[in-house]
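Dear colleague,

I am passing on to you the structure shown below, together with some notes on what turned up when I went through it. Please look at the sequence and the model before you read on.

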Amino acid sequence: MATVMSIFIPVNYPPALLFSMNAPLFLMASFESHEIIAKRKEAGTFLPLLLVVVQLMWTYKLEHQDELLNYQSLLIKWSSVHTAYQDYMKKKEQSLFDRERLDSFIYKTEQYVKQLRATEKKTVKQIETLKTAIRHQLDEMELTSLNGGLVLQKMIEEHESLKQDVEELQRKLSIKGDFFSKVRLTFRSAERAVKSKVKEVERKKVLMQMTDFILANRLPVCVDIQNEIYDYQDELATTIFQINQQVELLEETKQSRQLADAKVRRYDQEIKRFERNYYGLKEGTVEEMAQ
């Protein structure tokens, strides 16, 4: 203790003072003179620093029992501790920077995916609008004149049959009669009305199937509308590909962000451990504290 204190305190104190200053709970204070007590108060400002020095001395003592402890060896030991501490500080700072950068990238990517999904939704709506236009034209055409092979011919036959059923049901519903005839036909009319709606839904479903078949086989029907649909379908395929690509990239980035966050927590724990075990790391080196 006397050796270490002489490094930092220019005044030479009696060994009795140095011993009593470090005695457990300062029980030796009652045996000292007023002069000794005054000098101990003067040296009290160096106690925190002394604790650090003693800790470093003990660590160095365990590692180098055969070497003579001096000021230079103490600084070397403190320098290694301080270097490791600063290394963790730099790693934490870099990890924080990486985490912020990844957060920014994740936000921008999520916004971009939202834009792509909006484009996808808009393109799908435009394609459906054009398909509706084709179905409307098919509904007004003489479908029996279309030539598209046996598959299309079967669809046309089914459509014409359903169309005739709907027209027949609608005709029966429009028959006029006296009051009592209408009362008798009320329940039958309701049944016919339901059947007419069901048949009409089935007829429109067949028209949708015909439209998809025409587009898939590029039949010479509504060619201008088909070309617009093909352009939108290409755009839709590109958009879906970009969405899948960005979603995959987003998942990878989120995983990297989790790793960066784990590093920040780990480095922060190490920094706190150093600060807890070595008093004065936040304030600076031993030389700076001594000065």
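The notes below go from the overall fold to the confidence of the model, and then to particular residues and pairs.

Please keep in mind throughout that this is a predicted model. The protein has 10 helices and zero strands, so that, in keeping with how helices and strands are assigned, the pattern along the sequence reads α-α-α-α-α-α-α-α-α-α. Of the 291 residues in the protein, 30% are buried. Among the contacts with a separation of 6 or more, 74% are between residues 24 or more positions apart.

On confidence, the average pLDDT of the protein is 77, and 67% of the residues score at least 70. Helix α9 has the highest mean pLDDT among the elements, at 94, whereas helix α10 (residues 286-290) has the lowest, at 43. Residues 15-37 have a pLDDT below 50, although this stretch has 26 contacts in the model beyond near neighbours in sequence. The pLDDT also stays under 50 over residues 285-291, where the model has 14 contacts beyond four places in sequence. Where pLDDT is low, the predicted coordinates should not be read in detail.

Helix α6, which covers residues 149-173, has 25 residues and spans 37 Å from its first C-alpha to its last, close to the 36 Å expected at 1.5 Å a residue. The buried residues in α6 include Leu-152, Met-155, Ile-156, His-159, Leu-162, Val-166 and Leu-169. As background to that list, an α-helix has 3.6 residues a turn, so residues three or four places apart point the same way.

Turning to the aromatic residues, the structure holds four aromatic pairs. One of them is formed by Tyr-88 and Phe-274, a tilted pair with 5.9 Å from centre to centre and 50° between the planes. This pair links distant parts of the chain, since Tyr-88 is in helix α5 (residues 71-140) and Phe-274 in helix α9 (residues 223-277), 186 residues apart. Phe-274 counts as buried because its relative accessible area is 9%, under the 20% cut-off, whereas Tyr-88, with a relative accessible area of 22%, is partly exposed. Both residues also belong to one aromatic cluster, which is formed by Tyr-85, Tyr-88, Tyr-267, Phe-274 and Tyr-278. Tyr-267 has a charged neighbour as well, for Arg-266 lies over the face of its ring, at 5.2 Å from the ring centre.

The side chains of Arg-203 and Asp-139 meet in a salt bridge with an N to O distance of 2.6 Å. Arg-203 lies in helix α8 (residues 186-217) and Asp-139 in helix α5, so this pair ties together parts that are 64 residues apart in sequence. Arg-203 is buried, with a relative accessible area of 7%, while Asp-139 counts as partly exposed at 28% relative accessibility.

Another salt bridge joins the side chains of Lys-91 and Asp-87, at 3.4 Å from N to O. Here both residues lie in helix α5, four residues apart, which is about one turn of the helix. Lys-91 is partly exposed, with a relative accessible area of 35%, and Asp-87 is partly exposed, also with a relative accessible area of 35%.

In helix α9, Arg-257 and Asp-261 are four residues apart and are therefore separated by about one helical turn. Their side chains meet in a salt bridge of 3.9 Å, N to O. Arg-257 counts as partly exposed at 24% relative accessibility, but Asp-261 is buried, with a relative accessible area of 16%. These two residues take part in a network of salt bridges that links Arg-99, Asp-103, Arg-257, Asp-261 and Arg-265.

Finally, what does Thr-253 touch, not counting residues up to four places away in sequence? Thr-253 lies in helix α9 and is buried, with a relative accessible area of 8%. Beyond those sequence neighbours, Thr-253 touches Leu-102, Phe-105 and Ile-106.

With kind regards

How values were computed. Residues numbered from 1 in each chain as written. Predicted model: local features only at pLDDT ≥ 70, side-chain atom pairs only at ≥ 80, totals over all residues. Heavy atoms only, no water. Helix = DSSP H or I, 4+ residues; strand = E, 2+ residues; numbered from the N terminus. Expected span 1.5 Å × (residues − 1). Buried < 20%, exposed > 50% of the residue type's maximum accessible area, 1.4 Å probe, protein only. Phe/Tyr/Trp six-rings, centres within 6.5 Å; stacked < 30°, edge-to-face > 60°. Lys NZ or Arg CZ within 6 Å of the ring centre and 35° of its normal. Salt bridge = Lys/Arg side-chain N within 4 Å of Asp/Glu carboxyl O. pLDDT = per-residue confidence, 0-100. Contact = heavy atoms within 4.5 Å.
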